Every structure is written in C-alpha cells, then in structure tokens.
Amino acid sequence: MRHPAKFTDTFLPIFYDFLKDKKRILDPFAGTGKIAKIRDFGFEGEIFCNEIEPEWIYNNDYQINHITTCDAENLPFKNDFFDGICTSPTYGNRMADSHNAKDKSRRNTYTHSLGRKLHDENTGKMQWGRRYREKHTAIYTELYRVLEHSGVMVINVSDHIRKGEVMPVCDFHREVLLDIGMHLQEEIEIKTPRMRMGSNANVRVDHEKIFVFTKK
C-alpha cells in the first residue's frame, strides 16, 4: 500500500552510520517499515517497527523482526529496552489534510493515501498547533522511557511554510527532546527535492534536518 512519506533513500546510509552497532532499534512511526533498509548497509541487529495504521506496516517486504500497531504514546516495552531509536515524525503540514480538494490538484496526504480516516491518535492528522505539540511531547517522553542510558535517537524532521511564513517545526522537536533530558550530538541539514503538488507547490522549505541525540 502506498505511503506518502517514506524515508528518503539518501538518508538511509546516514541512519546506518549512527545505528550500525546497535542491537535493538525502534521506529515508533514506522509507516511501511522502510527503516529496515539499513540492513542493505550491513545492519545486523533486531528491528522493531510500530505503526498505528496496520495496513501500512503489514504491506511490506522489509526484514522487520517485530511489529506492533499501537499509539506511540503507550508502547508495550519495558524501560531501557532499546539502544537505538530512529524515526521521522509528521511535520504538521498540509499532508495532515483530510478534505477533498476544491480544485483539480492532486492530494498526497496520509488520509488520501490510506483511503480512510486515520486513527484518532495518529499524528498524521494533526496540523501544526497545540494538539500537534502536546502529542509529540508525550510521545518523546515515552521514547525516553524505553531508550536505555547512552542510547541513540535519530530524528528526521522538516519545517514547512504556512501563509508565507516558515513554521518552526525543527526547533520544536529539538527543544522538546533537550527538555526531556536528551543530549544533542549532531545536527545535519540536507537539501532535498520536496513534493510539488497543490496550490503552493513552489513554496517549499528546501531542506530537511536529521538530529542525533543521546540519552544522558
């Protein structure tokens, strides 16, 4: 089943570099589970994928060891269970739209790709705002719980433009993780081709960020 926001292929070797020595990693927003493609670069540990929409995670050919389908705010794992976490949270942009377009432009959103309403706790239906920020803060607190001390958390995220202004999505994710006790090891900015659909197709932030944190 098509997913509108898979990992960019050029990010995978970067993820591998930070995760290659890990024994047990988690992607809590796994989508189709493409994080398992780091095996192509030699990763040998266990890969856990959690995705709240089962159609996406169970329609893949990736080498995933364990699949769960729950709200990432309430994970079924004990404290300090993982030594690595790697994920890309939703960006709170127009991909959270669920309405049908009034014009003839194509919609490439989570709802339109899945073909039904999203789970109530799916961050893919949350526009940038208070609900989005509260939900991700709660999820990061949970991820902190299941990550062992000195474990690595790799986050791929991007700002977006709304009404001509850049929304500080990256700053939010960085600051929340610092506030809950993570240490920022590295911040990488990578220019990427962005989706060019909809009425604002030419108004896009031209890069994404990868944050690498360690648990204090």
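Predicted model: local features only at pLDDT ≥ 70, side-chain atom pairs only at ≥ 80, totals over all residues.
Start by selecting T90: with a relative accessibility of 10%, T90 counts as buried (buried means under 20% relative accessible area, exposed over 50% and partly exposed in between, with a 1.4 Å probe and protein chains only). You will find T90 in the loop between β4 and α3 (110–114); helices (H or I, at least four residues) and strands (E, at least two) are DSSP runs numbered from the N terminus.

Residues are numbered from 1 along each chain as its sequence is written, and side-chain values use heavy atoms, with hydrogens and water left out.

**The sheet**

Next, show the strands. Seven of them form an open sheet in the order β3-β2-β1-β4-β5-β9-β8, with mixed pairing; two strands pair if DSSP finds at least two bridges between them. At the edges stand β3 (66–68) and β8, each with a single partner strand, so one side of each is left without a neighbour in the sheet. Direction ignored, neighbouring strands here are turned by 15° against each other on average; axes are lines fitted to C-alpha atoms, for helices over the stretch in contact, and angles run from 0 to 180 degrees between N-to-C directions.

Zoom in on β1 (residues 24–27). Four bridges pair β1 in the parallel sense with β2 (residues 46–50): R24 has E46 as its bridge partner, and D27 stands opposite C49. Towards β4 (residues 82–87), β1 pairs in the parallel sense over two bridges, and here I25 stands opposite G84.

**Strand β9**

Move on to β9 (residues 207–215). Nine of its nine residues are buried, so β9 is largely enclosed by the rest of the structure. Colour H207, K209, F211, F213 and K215, which point one way, then E208, I210, V212 and T214, which point the other way. β5 (residues 147–157) pairs with β9 in the antiparallel sense over six bridges, with N156 opposite I210. β8 (residues 182–191) also runs antiparallel to β9, joined by nine bridges; look for E187 and its partner F211.

**Helices and cores**

Now bring in the helices. α4 lies across β1, β4, β5, β8 and β9, at about 140° to β5, whereas α5 lies across β5, β8 and β9, at about 0° to β9. Contact here means heavy atoms within 4.5 Å.

Which residues have the most contacts inside the largest nonpolar core? Select L26, F77, L143 and M153, in a core of 31 residues; such a core is a set of buried Ala, Val, Leu, Ile, Met, Phe, Trp, Tyr and Cys residues joined through side-chain atoms within 4.5 Å. β4, α4 (130–146), β5, α5 (169–179) and β9 each supply at least two of its residues. Apart from this core lies another, of 25 residues, including I14, Y16, C86 and I210.

Finish at M153: residues up to four places away in sequence aside, M153 touches I85, Y140, L143, L147, L177, M182, F211, V212 and F213.
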